[in-house]
Amino acid sequence: MPVTVLVGIQWGDEGKGKIIDVLTEQTDVIVRYQGGNNAGHTVEVGNDKYVLHLIPSGILRADKRCIIGNGVVVSPVDLLSEITDLEARGIAVRDRLEISSRAHLVFKYHRLADAARELSAGKAMIGTTKRGIGPTYADKANRVGIRACDLCHKERLESKFRAQAERYNRIFAAQGSELLDVEAEWATISAAADALAPLVTDTVLTVNRSIKAGKNLLFEGAQGMHLDIDYGTYPYVTSSNTTTGGACTGGGVAPRHITDVIGVVKAYTTRVGEGPFPTELLGPEGDSLREAGHEYGATTGRPRRCGWFDAVANRYAVMVNGVDQLAVTKLDVLDNQKTIKVCTAYTLDGETITDFPADLESLQRVQPVYAEMPGWMTDTTAVRTWNDLPEKAQAYLQWLSELLETRIGIVSTGPGRLQTFSA
Ligand code: GDP
Ligand code: IMO
Ligand code: MG
């Protein structure tokens, strides 16, 4: 049975949530393996819109088992409110959700540290989501983190929490930033711990027993390739491995069990936050993509930066992730573009380069080389099969497939479940 990893191959927000939701019809177990509630995965079911931040997007289909793996950083307070919000909308969560006992916890002091760092960085700010993600992964690497298993032992949790909260408050006091109200925060955490403790399990066992039982598993990546801590546009990245390997280290699946890797990619490019973006369109062209694609962050509401499809960046991402099929989303957003451009190479200091540079200083100076084709100028949102796509839209997708040397498996021409078909 398939064990599929689905990753974003750009800078996040590729439409992973929508594709996951479509694929979960055929899936038994859905696993988030990295990131935290910096993610915002949108799923539209009929007239209902859901934005999932920590809970796998599979939760919207009844009877699917959902796992928050050890590589995820979990804010107990935000997770509890996500659970109660879904339950208030009639979705059963608690009997189907497991949280890895090894997952690290995000506390308010992490958020305060994230915000204070961004403020003090001035022009060097990363443009984080201010969800405390970086400081939590830093505590994990520094071996002072607090894990979900601690939620099940209140005394232990309290003493660890107080020790860390006091350490952070000493740092906040020294830098003159806002202090944490430790008592108020402990009261909130204590209540969240009571509610979440029953969901904490060794999810590595669930994952591997499910594989052994022949179940169909889907690993749901958050963020995207170029935000990966190792392969992304460092330091303008998030603090986890967003690429396929993250599913192994953060989801508890051994590489030999992975059978498929789906790379989700928009038909153009967006990025939110700071950092290099070679094909970014500043001015009216970028504004028109933003409006056509409703490109505003699902987590923070920030306007997303927009630009043309970047074959150099995406080819590198296909290689690192071992993508064997692409899911191309938001094709409909290009419906009204008279001319569509694709970046096929960069130039740097007069030289043509076709491999994505690792060095930030080089990346900031590259100039995109564009090839173009006429747009199809037809509404594709009602298209339900490949054959019904305008010929020029088919040609555009075939062109992307050739540039990335990867087949396109899925095409999406709208946010709804039905606006999806095989290529
Ligand atoms: P994710 O983080 O990768 O799950 O993506 P987001 O949910 O942050 O952003 C994708 C946005 O595009 C959401 O608002 C989706 O509802 C929407 N979306 C997904 N696929 C399509 C598509 O094919 N066409 C259009 N117009 N919107 C889409
Ligand atoms: P999904 O899963 C797009 C970006 C932030 C910032 C950088 C670091 O919805 O695709 P962080 O808060 O993680 O320390 O911020 O990463 N970022 C995302 N951009 N989609 C996301 O998630 C993102 N999660 C983080 O904007 O540039
Ligand atoms: Mg998103």
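Author: Gladly, and please keep in mind that this is a predicted model. Let us begin with the open sheet, which is made of 10 strands in the order S9-S7-S5-S2-S10-S1-S11-S15-S19-S20, with mixed pairing. Strand S9 (200-201) and strand S20 (420-422) stand at its edges; each has a single partner strand, so one side of each is left without a neighbour in the sheet. Within the sheet, strand S15 (residues 325-329) pairs with strand S19 (residues 408-412) in the parallel sense, over 3 bridges. In this region Ala 327 stands opposite Ile 410 of S19.

Now to ligand 1. There are 20 residues surrounding ligand 1, and the closest are Lys 16, Gly 17, Thr 42, Asp 332 and Ser 412. Ser 412 also falls within the residue range of strand S19, 408-412, which gives you a link back to the sheet. As for individual contacts, a polar side-chain atom of Thr 42 is 2.6 Å from an oxygen atom of ligand 1. Backbone atoms take part too: a polar one of Lys 330 lies 2.9 Å from an oxygen atom of the ligand, and a polar one of Gly 414 lies 3.0 Å from an oxygen atom of ligand 1. On its own ligand 1 exposes 580 Å², and the protein buries 92% of that. The space that ligand 1 takes is the second largest pocket. Helix H1 (16-23) and strand S3 (41-45) are the elements that give two or more residues to the shell around ligand 1.

A polar backbone atom of Gln 223 lies 2.8 Å from an oxygen atom of ligand 2, and a polar backbone atom of Val 272 is 3.1 Å from an oxygen atom of ligand 2. From a side chain, Arg 302 places a polar atom 2.9 Å from an oxygen atom of ligand 2. Taken by itself, ligand 2 has 550 Å² of accessible area, and the protein covers 98% of this.

Methods
Residues are numbered from 1 along each chain as its sequence is written. Chains are lettered from A and ligands numbered from 1 in the order in which they are written. This is a predicted model: local features need pLDDT of at least 70, side-chain atom pairs count only at pLDDT 80 or more; totals for chains, interfaces and linings use all residues. Side-chain values use heavy atoms; hydrogens and water are left out. A residue is near a molecule or strand if one of its heavy atoms lies within 4 Å of it. A polar contact is a pair of N or O atoms within 3.5 Å; within protein, one must be able to donate a hydrogen and the other to accept it, and residues adjacent in sequence count only if both atoms are side-chain atoms. Accessible areas come from the Shrake-Rupley method with a 1.4 Å probe; for residues, only the protein chains shown count as cover. On a 1 Å grid over the protein atoms alone, a cavity is a set of points where a 1.4 Å probe fits but cannot get out, and a pocket is an open set with protein on both sides within 12 Å along at least five of seven lines; lining residues have an atom within 4 Å of a point. A molecule sits in a cavity or pocket if more than half of its atoms lie within 2 Å of its grid points. Helices (H or I, at least four residues) and strands (E, at least two) are DSSP runs, numbered from the N terminus. Two strands pair if DSSP finds at least two bridges between them.
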